[in-house]
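Here is a short report on one protein chain. Look at the sequence and the model, then read on.

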Amino acid sequence: MPQRRLIVEAEVGLHARPAATFVQTATRSPATVTVAKGDGAPVNAKSILSVLALDVKKGDAITISTEGDGAEELLDELASIAGAP
């Protein structure tokens, strides 16, 4: 399962618009997508409530994992939304 660990650089973390865009992007893909904060348990990245419950702020480390068609491209897009350089 491809994954990427990154530091969130978006000013509002994964709240508000970045969270909505993150979830919408994950939902458009047929791939399985999870996101975890720090070393915590992964949650379904296609669920806005699950993503918001992580309470990811700017500077927090997250791990995004994908499995399925287009996984690498999806990782790139999701990392970009989180503000990764």
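Helix H1 spans residues 16-28 and has 13 residues. From its first C-alpha to its last it reaches 19 Å, close to the 18 Å expected at 1.5 Å a residue. That expected span is 1.5 Å times one less than the number of residues in the helix. Helices (H or I, at least four residues) and strands (E, at least two) are DSSP runs, numbered from the N terminus.

This is a predicted model, in which local features need pLDDT of at least 70, side-chain atom pairs count only at pLDDT 80 or more, and totals for chains, interfaces and linings use all residues. Residues are numbered from 1 along each chain as its sequence is written, and side-chain values use heavy atoms, with hydrogens and water left out.

Which residues of H1 are buried? They are Pro18, Ala19, Phe22, Val23, Thr25 and Ala26. These residues sit on the same side of H1, because they cover an arc of only 160 degrees around the axis. The arc is taken from the directions from the helix axis to the C-beta atoms. Buried means under 20% relative accessible area, exposed means over 50%, and partly exposed lies in between (1.4 Å probe, protein chains only).

What covers the buried residues of H1? The cover includes strand S2 (32-37), H2, strand S4 (61-67) and helix H3 (71-81). Contact here means heavy atoms within 4.5 Å.

On the other side of H1, Ala16, Arg17, Gln24 and Arg28 are exposed. Ala16 has a relative accessible area of 56%. Its phi is near 50 degrees, a positive value in a residue other than glycine.

Asp55 also has a positive phi, near 55 degrees, and is not glycine either. Asp55 is found in the loop between H2 and S4. It is partly exposed, at 32% relative accessible area.

**Salt bridges**

Side chains of opposite charge can pair when their charged atoms come close. A salt bridge is a side-chain nitrogen of Lys or Arg within 4 Å of a carboxyl oxygen of Asp or Glu. A search of the whole structure finds six salt bridges. The table includes some of them.

| Pair | N to O distance |
|---|---|
| Asp76 and Arg4 | 2.8 Å |
| Glu77 and Arg28 | 3.1 Å |
| Asp60 and Lys37 | 3.5 Å |

Take the pair of Asp76 and Arg4. It links distant parts of the chain: Asp76 is in helix H3, Arg4 is in strand S1 (residues 3-7), and they are 72 residues apart. Asp76 is partly exposed, at 43% relative accessible area. Arg4 is partly exposed too, at 24%.

Next come Glu77 and Arg28, which form a salt bridge. Glu77 lies in helix H3 and Arg28 in helix H1, so the pair ties together parts that are 49 residues apart in sequence. Glu77 is partly exposed, at 35% relative accessibility. Arg28 counts as exposed, at 60%.

Then there are Asp60 and Lys37, whose side chains meet in a salt bridge. Asp60 is in the loop between H2 and S4, Lys37 is in strand S2, and the two are 23 residues apart. Lys37 is partly exposed, at 30% relative accessible area.

**A nonpolar patch**

Which residues make the nonpolar surface patch? Ile48, Leu49 and Leu52 make it, and its area is about 270 Å². Accessible areas come from the Shrake-Rupley method with a 1.4 Å probe; for residues, only the protein chains shown count as cover. Patches are made of residues with over 30% relative accessible area and no salt bridge: like charges are joined within 9 Å, nonpolar side chains (Val, Leu, Ile, Met, Phe, Trp, Tyr) within 5 Å. Leu52 lies in helix H2 (residues 48-53). At 34% relative accessibility, Leu52 is partly exposed.
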